[in-house]
Amino acid sequence: MSITLVFHGDLLYFLRNAPESTERRVAKVFERIASVKDLIESQGVPHTEVGRIELGGEGKIFGYIPNHGETIHVYPLTPPVNATKPSLLRPNPVAEVSFVADVNVGRLAKLLRLLGFDTLYDPSWQDKELANLASKYNKILLTKDRELLMRKSINWGKLIRSISPWDQLAEVILFYGLSDQIKLFTRCTNCNQVLEPVSKEEVLDRLEPLTRLMYNQFTQCPACGKVFWRGSHHKHIEEKLRRIAGCS
Ligand SMILES: [Zn+2]
């Protein structure tokens, strides 16, 4: 009994005991019968990172059970990944790009909301709840925990590799090709609710004197009531965005 899996490209990042080399592929030999997904994950590669599984040039699904002597090629998802499009490995695409974020990427969650992306986040959620939410609402799970991504119920997920939240944001935007879907300052960073326009009169008593004087357009979160306006910090964030993700 001998099955060979050849891991390609960025998947080498995940391999346990990957040899130090400049090769862009690593072969692993198995001597047991299991689904190709089990074999892949036994090497530390979450199924969520795999874009294509090939045998003799033909695509295979995660449940495929390799036969003796077969050599299977495993390729990473390659950006920009369109999560709204069905594929052989993921026949159930997301209806629209939205996220669930693990506590280890909490600041990234707030930044995604700042850009208008629906991002569920609660620092008290445990792995089981995160997996359930991602599965139930078919959202993309963002985490730094690769074991979490190996849960069977998770269809869409990404292991965040960058350290700083702004770099993580760039990683997500570029990976899913989202730069043209950014709606800056349309969602509450605290509660993920879509902000609603509110008249100046309605919020006048809650504004600082200088804000009252300088701004006329306001939005409000229907959940927490926080008031937002286009201030000087907007420009700063817009510039930062342009720099990191090449988007405006
Ligand atoms: Zn709010």
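Buried means under 20% relative accessible area, exposed means over 50%, and partly exposed is in between, with a 1.4 Å probe and protein chains only. Keep that scale in mind.

By it, Y13 is partly exposed, at 45%. F14 is buried, at 1%.

Some ground rules. This is a predicted model: local features need pLDDT of at least 70, side-chain atom pairs count only at pLDDT 80 or more, and totals for chains, interfaces and linings use all residues. Residues are numbered from 1 along each chain as its sequence is written, and side-chain values use heavy atoms, with hydrogens and water left out.

Now the rings. Rings of Phe, Tyr and Trp (its six-membered ring) pair if their centres lie within 6.5 Å; planes under 30 degrees apart are stacked, over 60 edge-to-face, the rest tilted. The structure holds six aromatic pairs. One of them joins Y13 and F14, edge-to-face, with 5.1 Å between centres and 85 degrees between planes. Elsewhere, F99, F117, F175 and Y176 make up one aromatic cluster.

Two lysines also meet rings. The test is NZ of Lys or CZ of Arg within 6 Å of the ring centre and within 35 degrees of the ring normal. K158 places its charged end over the ring of F175, 4.3 Å from the centre.

Strands (E, at least two residues) and helices (H or I, at least four) are DSSP runs, numbered from the N terminus. Two strands pair if DSSP finds at least two bridges between them. Five strands form an open sheet, in the order β2-β1-β5-β3-β4, with mixed pairing. Which strands stand at the edges? β2 (25-30) and β4 (58-59) do; each has a single partner strand, so one side of each has no neighbour in the sheet. β4 runs antiparallel to β3 (residues 50-55), and two bridges join them. L55 has E58 in β4 as its bridge partner.

On to charges. Side chains of opposite charge can pair when their charged atoms come close. A salt bridge here is a side-chain nitrogen of Lys or Arg within 4 Å of a carboxyl oxygen of Asp or Glu. The whole structure has seven.

R24 and D10 meet at 3.3 Å, N to O. Both lie in the loop between β1 (3-8) and β2, so the pair ties together parts 14 residues apart in sequence. R24 is exposed, at 51%. D10 is partly exposed, at 41%.

R52 bridges to E54, with the closest N and O atoms 2.7 Å apart. R52 is partly exposed, at 33%. E54 is buried, at 18%.

E238 and R230 also meet at 2.7 Å, N to O. E238 is partly exposed, at 21%. R230 is partly exposed too, at 49%.

Last stop: R187. Where is R187 found? In the loop between α5 (165-175) and β10 (196-198). R187 is buried, yet has no salt bridge. For charge, Lys and Arg count as positive, Asp and Glu as negative; His and the chain ends are not counted. The nearest side chain of opposite charge is D118, 4.1 Å away. What does the side chain of R187 reach? The backbone oxygen of N192, at 2.8 Å.

Terms used:
A polar contact is a pair of N or O atoms within 3.5 Å; within protein, one must be able to donate a hydrogen and the other to accept it, and residues adjacent in sequence count only if both atoms are side-chain atoms.
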